[in-house]
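I opened this notebook to record what I looked up, step by step, and what each look returned.

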Amino acid sequence: MGTTDRADRFYRDQVLDHLNARMQEFVGRQEMFFLATADRHGECDSTFRAGPPGFVRVLDERTLIYPEYRGNGVMASLGNISENPRLGILFVDFLRDRIGLHVNGRAWVVPDEEMRVRHPDLPVDPVPGRRAQLWVAVEVEEAYIHCAKHIPHLQKVPRQERGERDWGTDDVKRKGGDFFGSAAEAADRAPFRRRENPPAPQSPSTPAPQPEPARAASRSSFQEEAERVLALVQQRAAADSQEFRGWFG
């Protein structure tokens with residue numbers, strides 16, 4: 001896409017294979033993060049994790065751990081990790097620094113009792129819903145900044161206005177109820193089943209793939225479309241060649 005020089009500079013200046021001191025301090029005070037995993041087929045899932053400040057712990061510059069609390073029983077993230085250990089974590093500080101940190105690496109699962117034998121200083125939270133059932137340990141392979149320019153500045157609502165969070169509750173209403181109306185429609189639809197070999201998405205300019213051989217036609221169409229888009233980008237880059245003005249300008 002004509003950004004090789006900028007990408008090379010970013011990797012040289014910003015991407016680490018460990019957590020430096022400032023990154024470790026940043027992780028240690030976060031109350032949430034976004035988690036991306038994929039199964040052995042590459043089917044992806046993204047989710048949200050939260051806890052009290054310090055619920056993610058840095059053990060050393062190449063290892064961090066986070067707790068898995070009691071959830072909905074689907075185990076989407078843990079199931080993916082059991083098939084594909086690679087994951088991506090995005091920490092975003094919306095409240096103070098308005099900056100983000102990406103951490104990519106390889107993960108493995110450790111039972112709570114085993115983790116506490118190895119690290120007896122781990123706190124025991126008095127709130128049942130905040131007691132770890134398992135821990136996910138992550139070997140850091142990449143750590144790098146997420147720029148601030150599109151991160152909104154948020155503020156915490158006073159506790160008396162927002163009420164308490166219902167950690168560990170099984171009450172359907174307190175967990176959000178049927179907010180999107182899916183359960184109300186359940187009787188009128190077949191149970192969910194993942195589609196096998198779904199067709200590749202097509203842009204308006206790409207002809208529909210032929211029935212046979214479907215996979216080869218899909219790859220060919222994708223390559224043609226990628227080459228077309230790349231040619232357009234290169235034309236624009238030549239017409240709008242501005243001096244590089246910083247990482248996030």
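The entries below go from the whole chain to one helix, one aspartate and a group of aromatic rings.

**Entry 1, the whole chain.** I note at the outset that the model is predicted. I counted the secondary structure and found 6 helices and 7 strands, which along the sequence run in the pattern α-α-β-β-β-β-α-β-β-α-β-α-α. I then looked at burial, and 27% of the 249 residues count as buried. The protein exposes about 17,400 Å², of which carbon and sulfur atoms supply 52%. For contacts between residues at least 6 apart in sequence, I found that 68% join residues at least 24 apart.

Which residues of H2 are buried? In this helix, which spans residues 21–28, I found Met23, Phe26 and Val27 to be buried. Looking down the axis of H2, I saw that these buried residues fall within an arc of 95°, so they line one face of the helix. I kept in mind that an α-helix has 3.6 residues a turn, so residues three or four places apart point the same way. The face of H2 turned away from the buried side carries Ala21 and Arg22, which are exposed. I next asked what covers the buried residues of H2, and the cover includes strands S3 (57–60), S5 (86–93), S6 (99–111) and S7 (134–146). At the start of H2, a side-chain oxygen of Asn20 comes to within 3.2 Å of the backbone nitrogen of Arg22.

Is Asp112 buried or exposed? Its relative accessible area is 14%, under the 20% cut-off, so Asp112 counts as buried. I placed Asp112 in helix H4, residues 112–118, and found its side chain in a polar contact with the side chain of Trp135 at 2.7 Å. Leaving aside neighbours within four places in sequence, I listed Ala132, Gln133, Leu134 and Trp135 as the residues in contact with Asp112.

I searched the whole structure for aromatic pairs and found 5. In one of them, the ring centres of Phe33 and Phe55 are 5.9 Å apart and the planes lie at 15°, so the pair is stacked. Phe33 lies in strand S1 (residues 32–38) and Phe55 in the loop between strand S2 (44–50) and S3, so this pair ties together parts that are 22 residues apart in sequence. Both partners are buried, Phe33 with a relative accessible area of 0% and Phe55 at 6% relative accessibility.

Notes. Residues numbered from 1 in each chain as written. Predicted model: local features only at pLDDT ≥ 70, side-chain atom pairs only at ≥ 80, totals over all residues. Heavy atoms only, no water. Buried < 20%, exposed > 50% of the residue type's maximum accessible area, 1.4 Å probe, protein only. Helix = DSSP H or I, 4+ residues; strand = E, 2+ residues; numbered from the N terminus. Arc of directions from axis to C-beta. Contact = heavy atoms within 4.5 Å. Polar contact = N/O pair within 3.5 Å; in protein donor to acceptor, adjacent residues only side chain to side chain. Areas by Shrake-Rupley, 256 points an atom, 1.4 Å probe, with all protein chains shown as cover. Phe/Tyr/Trp six-rings, centres within 6.5 Å; stacked < 30°, edge-to-face > 60°.
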